Amino acid sequence: MLYQLHEMQRSFLTPLMQWADVSSKLFTNPVSPLAHTPFSQRIAAGYELMYRLGKDYEKPQFDIDSTPLKGETVGIIEQVIVTKAFCRLIHFKKDLNDAQTRALKQPKVLLVAPLSGHHSTLLRDTVRGLLTDHDVYITDWTDGRMVPLSEGPFHLDDYIFYVQEFIRLLAPDLHVISVCQPTVPVLAAVSLMATANDPKLPKTMTMMGGPIDPRKSPTQVNDLATEKKFSWFENTVIYAVPPTYPGAGRKVYPGFLQHAGFIAMNPGRHAQSHREFYMHLVTGDGEPAEGHRQFYNEYNAVLDMPAEYYLDTIKTVFQEFRLPQGTWEVGGQLVRPQDIKSVALFTVEGELDDISGAGQTQAAHQLCSGIPASMQQDFVAPQCGHFGIFSGRRWRELICPKIGEFIQKHS
């Protein structure tokens, strides 16, 4: 019922938000008489803030059409390599002929994006940073409300099987990077492949800000998962997709609930950001105002997660800690990170990360005891929060170069 109420509210607000958008333009467009009235900028700023607070945010595009390469600019072609029910594998192909591509000899990277509320476009800056020196592929997870019920359920095990399929497709000479939530299923996927002596193991795996062992330095996210019983999640946050979407009837954890949780973690910070946005509009300070728009265009665009996958993650990762405790079975096979011996491991954490606490990602080193010390590396980014480890200045100037050096060393 909550999902239906949310849709009714969205339908009610849509014409109001369109009116606010038009009104904002009337008070800023120089050909409009209203733009030359007293307090026009304040009125326009108020309307735009109203519009942005109430509008519906659709999935953004990557909009990566070029990358610098050896002092020149090379075009990027976004290609869908694999289309599955719950995910697409996208290749950011450089617009070069086959001979030029072979001459580059750039390491191949599979960037595993989170399925945790936001779209994979949240890693746009991650892709841009890697593209200059790497051949980049990314998992683009599908909004649960857009997947017909006939496609069946999607469990955490299925996520792992998807990752394994993509690794085998892109191998050999592949490097896997996982950001936040997928660090756990990626480690499971590689562990199972190592146990089976799969010849298509990746060369390296880089894990960034993920809950490998959520018992270490628990955050608000971890506390919520442990304070509530599993039945609470089943009965309180799972809803059926309304009939207006292709996935009608599918049980999901709605994106709007996840978004509300994101905001609730730092309400003061978001309120201050919106106040500053309003003042930038009033004073005509366009650059920071546009930065605000771009950030919230991405931050406010959320997707629904399949209920089976979400509940599996709550129980397996955050309540029963099956990975660090060595009790996790996938398809009847025990997940044994200690069986990994030939895949180099690099972990990255943010000093100020309030999503995955200090030591949660580093725990992978202790679990992967079969990897020689010479093939393990760890980095804690100073003064860096969760989003800062894969987006922004510190990512571009500090973290991305270190990942590039690690990949090159083990290529």
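**Close-up 1. A nonpolar surface patch made by Met1, Leu2, Leu5 and Met8.** The patch covers about 430 Å². Patches consist of residues with over 30% relative accessible area and no salt bridge, with nonpolar side chains (Val, Leu, Ile, Met, Phe, Trp, Tyr) joined within 5 Å and like charges within 9 Å. Accessible areas come from the Shrake-Rupley method with a 1.4 Å probe, and for residues only the protein chains shown count as cover. The model is predicted: local features need pLDDT of at least 70 and side-chain atom pairs count only at pLDDT 80 or more, while totals for chains, interfaces and linings use all residues. Residues are numbered from 1 along each chain as its sequence is written, and side-chain values use heavy atoms, with hydrogens and water left out. Leu2 belongs to helix α1 (residues 2–26); helices (H or I, at least four residues) and strands (E, at least two) are DSSP runs numbered from the N terminus. Leu2 counts as partly exposed because its relative accessibility is 33%, where buried means under 20% relative accessible area, exposed over 50%, and partly exposed in between (1.4 Å probe, protein chains only).

Close-up 2. An α-helix has 3.6 residues a turn, so residues three or four places apart point the same way.

**Close-up 3. A salt bridge between Lys59 and Asp140.** The closest N and O atoms are 2.8 Å apart. This pair links distant parts of the chain, 81 residues apart: Lys59 lies in the loop between α2 (40–54) and β1 (66–69), and Asp140 in strand β5 (residues 135–141). Lys59 is partly exposed at 32% relative accessibility, whereas Asp140 is buried at 2%.

**Close-up 4. Further salt bridges, including that of Asp339 with Arg336.** The closest N and O atoms of Asp339 and Arg336 are 3.0 Å apart. Asp339 is buried, with a relative accessible area of 17%; Arg336, at 31% relative accessibility, is partly exposed. Elsewhere, a network of salt bridges links Glu48, Glu290 and Arg293.

Close-up 5. Leu187 counts as buried because its relative accessibility is 0%. Residues up to four places away in sequence aside, Leu187 touches Met205, Met207, Ile212, Leu323, Pro337, Ile340, Ala364, Leu367 and Cys368; contact means heavy atoms within 4.5 Å. Leu187 and Ile212 are 25 residues apart in sequence, and their C-alpha atoms are 8.6 Å apart.

**Close-up 6. Helix α5 (residues 156–170).** The 15 residues of α5 should span 21 Å at 1.5 Å a residue, and the end C-alpha atoms are 22 Å apart, which agrees. The expected span is 1.5 Å times one less than the number of residues. Buried residues of α5 include Leu156, Tyr159, Ile160, Val163 and Phe166.

**Close-up 7. An open antiparallel sheet of 3 strands in the order β8-β9-β10.** Two strands pair if DSSP finds at least two bridges between them. The edge strands, β8 (239–240) and β10 (305–306), each pair on one side only. Strand β9 (residues 251–253) runs antiparallel to β10 and is joined to β10 by 2 bridges. Tyr253 has Met305 in β10 as its bridge partner.

Technical notes:
A salt bridge is a side-chain nitrogen of Lys or Arg within 4 Å of a carboxyl oxygen of Asp or Glu.
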